[in-house]
Amino acid sequence: MGVAEFEEDESFSRKLQNWLHSTPSAVPMFVLLAAILVFGLILGSKFFSPFALTLILQQVMIVGITASAQTLVILTAGIDLSVGAIMVFSSVIMGQFTFRYGIPVEISIAIGLGAGALMGFINGVLVAYVKLPPFIVTLGTWQIFLAANFLYSSNETIRAQEIEEQAPALQLFGESFRIGGAVFTYGAIAMILIVVLLAYVLSNTAWGRHVYAVGDDQEAAELSGVKVKTTLIQVYTLSGLICAFAGWALIGRIGSVSPTSGQNANIEAITAVVIGGVSLFGGRGSILGALAGGLIVGVFSLGLRMVGTDPQWTYLLIGALIIFAVTVDQWIRKGTA
């Protein structure tokens, strides 16, 4: 009887591991819903209001966009420590080209987006062709891009009032509109659209399957006909472009062009990705999970602030969630190996 029960438990455990492996966003989605429910029960309508819930979207829009870029890289078994530097440097380029050189704002934005893609391309070439470890490559380019950002901008901030008067397009993603009691910014809507688009591409296109294949086993992917080097360069270039887009959204979020903003973006993006159930070993995870990870951080931050607790509790809980997420990932990998 005991043996039969053990086999039944083991079978259930294996089924659960296989299900979680094929549905990596399940755990973060459950944690997100549980967190919303708990804070809703504690705070009532104060938290469970359209305004509060959409405020979370506004607060996490930058993290959500950079986490999308980070997810693409981590799915290939890499990591990009330079996402924050690319984001800020691209925003500075948009502002400087507009105000220093008098270039039309639309062209300046396009140049900033192109610069972000170029920075990502450099990362991709160093990883794919020079064969350097992604951690080392992006640790180096993070410092290089950050230094270039400060040197190019002379550490000067372009004020919100100047942008509003002369180049309001730079602040586009900070503009908002109301639907009932809910307040949406265009940046939050853009974040959702980026996530949905990438989720579709990764799930329903050959390129998406190649990204997962590269992260799962590069040698096997190459033997299967996947152009591994090309895929890696495309992933890092697209990541850089998305980070540059986040830089444009950042200007709307804070109102100004500041070379010192977004300093923790790389850590926040990695945090969202890990909590979102994306495996740091590559080949498993989803963009939707990464968005859920970012929203979990936003829910905890807003909920604990509204409860009136010490902000340090947020860091404690987020740290515990990171360890929990990695533990679950290891358990899933062992069960499906």
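This is a predicted model: local features need pLDDT of at least 70, side-chain atom pairs count only at pLDDT 80 or more; totals for chains, interfaces and linings use all residues.
The strands are considered first. Strand β1, which covers residues 176–179, pairs with β2 in the antiparallel sense, and the pairing runs over four bridges. Within this pairing, phenylalanine 177 stands opposite phenylalanine 184 of β2, while arginine 178 has valine 183 in β2 as its bridge partner. The hairpin made by β1 and β2 has two residues between the strands, and glycine 180 in this hairpin takes a positive phi near 65°. Strand β2 itself spans residues 182–185, with Ala182 and Phe184 pointing one way and Val183 and Thr185 the other way, and all of these residues are buried.

Most residues other than glycine have a negative phi. Alanine 77, however, has a phi near 70°, a positive value in a residue other than glycine, and this alanine lies in the loop between helix α3 (50–75) and helix α4 (83–99). Because its relative accessibility is 38%, alanine 77 counts as partly exposed. Lysine 131, although it is not a glycine either, has a positive phi of about 65°, and its place is in the loop between α5 (105–128) and α6 (134–153). With a relative accessible area of 57%, lysine 131 is exposed.

As to charged side chains, the structure holds one salt bridge. Side chains of opposite charge can pair when their charged atoms come close. In this model the side chains of arginine 159 and glutamate 162 meet in a salt bridge, with a distance of 3.3 Å from N to O. Arginine 159 has a relative accessibility of 52% and therefore counts as exposed, whereas glutamate 162, at 26% relative accessibility, counts as partly exposed.

The largest share of the nonpolar patch, amounting to three residues, comes from helix α1, which covers residues 2–22. Phenylalanine 12 has its place in helix α1 and, at 57% relative accessibility, counts as exposed.

Isoleucine 136, which lies in helix α6, is partly exposed, with a relative accessible area of 49%. Between isoleucine 136 and leucine 288 there are 28 Å in space, C-alpha to C-alpha, and the two are 152 residues apart in sequence. Valine 214 is placed in helix α9, which covers residues 206–216, and counts as buried because its relative accessibility is 1%, where buried means under 20%. The C-alpha atoms of valine 214 and leucine 41 are 44 Å apart in space, and these residues are 173 residues apart in sequence. Glutamate 156, in turn, is located in the loop between α6 and α7 (160–166), and with a relative accessible area of 52% glutamate 156 is exposed. From glutamate 156 to alanine 290, which are 134 residues apart along the chain, the separation of the C-alpha atoms is 33 Å.

Definitions and conventions:
Residues are numbered from 1 along each chain as its sequence is written. Side-chain values use heavy atoms; hydrogens and water are left out. Buried means under 20% relative accessible area, exposed over 50%, partly exposed in between (1.4 Å probe, protein chains only). Two strands pair if DSSP finds at least two bridges between them. A salt bridge is a side-chain nitrogen of Lys or Arg within 4 Å of a carboxyl oxygen of Asp or Glu.
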